[in-house]
Amino acid sequence: MNDVARLAGVSIKTVSRVVNDEAGVHPATAERVLAAIDQLGFRRNLSARNLRRGSSTGTVGLVLEDVGNPFYSGVTRAVEEIARLRGRQVITGSSDEDPARERELSLEFCSRRVDGLLIVPAGLQHGYLVPEMRAGTPVVFLDRPAGDVVADTVLVDNIGGTAAAVAHLASFGHRRIAFLGDAPDIFTANERLRGYREGCVRAGIGYHESLVVMGPHDEESVRKALQGLQNAADPATAVVTGNNRITVHAVRALAGSAVRPALVGFDDFELADLLSPPVTVIAHDASALGKAAADLLFARLDGDGSPPRRVVLPVRLVARGSGEVRPS
């Protein structure tokens, strides 16, 4: 501030008033101070300013599974838009489905005095957040619930979605419907498996363990799973895939196959409507998920002291072609 004051030819108090957007400074003087700041290459430390004032740091933390996943990119963008309207910036990190990494990121954000946290949980133990929550840091969980704390949560209708996928395939005559899901200890994967089971029962086709393949999936494991399902004595004629990455792997594995099972994927993905055949999906709005979670967080920051809420967002089936073929 001394350097800026000397260059601008004003007092330190005048520099302070300009930097803190206080009244009482002539516009021409303010312009001279700002020009001096730019010339010297200085930047205001907003966190320090806010902490001195005893107010917010102007940031919120967002912990995701993987910022590279297009679904979570949509969530992030929605959170950023809400935060920007409220004068906040978003700090984001990927847990990579590692509970230890999730904890590390969350506590690191708290140490940086973020105003609130949005978390897609990787684990089931969140007691480490209790001291932060008691100290006044609001926490909202999205896509999955917390394991052992009560907090605001925003989910999608995972069970209803996969049940609808099974019902849709059954309506086209399929009786051997397989399910390829993520690791069953992941909340969304387990819920979607539950929906698949319920869908089978409701459709009167029964539930068969031989038609279910769960676990972390890469392109090779999906290819082998599909080969096993198609080469069985009583092969699957249709497949429900449990998330967008598994669906993409399945589409690649089935490319060029003479006989292809009907396919319905959970989560929409880019270019799904331009493939041959276009991919039928259970779609839900990633932006709506991020917006609902951010709205809850900022309601808490605005003083909402009501009991924790659990919001479940709807899904919809988008029929495009891959799920509308009959058994051969």
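Predicted model: local features only at pLDDT ≥ 70, side-chain atom pairs only at ≥ 80, totals over all residues.
Modeller: Residues are numbered from 1 along each chain as its sequence is written. Local features need pLDDT of at least 70 and side-chain atom pairs 80 or more, while totals for chains, interfaces and linings use all residues; side-chain values use heavy atoms, without hydrogens and water.

Colleague: What is the strand order of the open sheet of six strands?

Modeller: Strands are DSSP runs of E, at least two residues, and helices are runs of H or I, at least four, both numbered from the N terminus. Two strands pair if DSSP finds at least two bridges between them. The edge strands, S2 (89-94) and S11 (310-313), each pair on one side only. With parallel pairing, the order is S2-S1-S3-S4-S5-S11.

Colleague: Which residue in S4 is the bridge partner of Ile-119?

Modeller: Strand S3 (residues 117-119) and strand S4 (residues 139-142) pair in the parallel sense over three bridges. In S4, the partner of Ile-119 is Phe-141.

Colleague: What angle does the direction of helix H12 make with that of S5?

Modeller: Helix H12 (residues 286-301) packs on the sheet, touching S1, S3, S4, S5 and S11. Contact means heavy atoms within 4.5 Å. Axes are lines fitted to C-alpha atoms, for helices over the stretch in contact, and angles run from 0 to 180 degrees between N-to-C directions. For H12 and S5 the angle is about 170 degrees.

Colleague: At what angle do the axes of H10 and H11 cross?

Modeller: Among the residues making the contact are Val-222 and Leu-226 of H10 and Ile-246 and Ala-250 of H11. The axes of H10 (residues 219-231) and H11 (residues 244-254) come within 9 Å. They cross at roughly 65 degrees.

Colleague: Why is the pair of Phe-179 and Tyr-196 stacked?

Modeller: Rings of Phe, Tyr and Trp (its six-membered ring) pair if their centres lie within 6.5 Å; planes under 30 degrees apart count as stacked, over 60 as edge-to-face, the rest as tilted. Phe-179 and Tyr-196 have ring centres 5.3 Å apart and planes at 25 degrees, so the pair is stacked.

Colleague: Is Tyr-207 buried or partly exposed?

Modeller: Buried means under 20% relative accessible area, exposed over 50%, partly exposed in between (1.4 Å probe, protein chains only). Tyr-196 has 0% and counts as buried. At 24%, Tyr-207 counts as partly exposed.

Colleague: Which residues form one aromatic cluster?

Modeller: Tyr-196 and Tyr-207 form an edge-to-face pair, 5.9 Å centre to centre, with 70 degrees between the planes. The cluster is Phe-179, Tyr-196 and Tyr-207.
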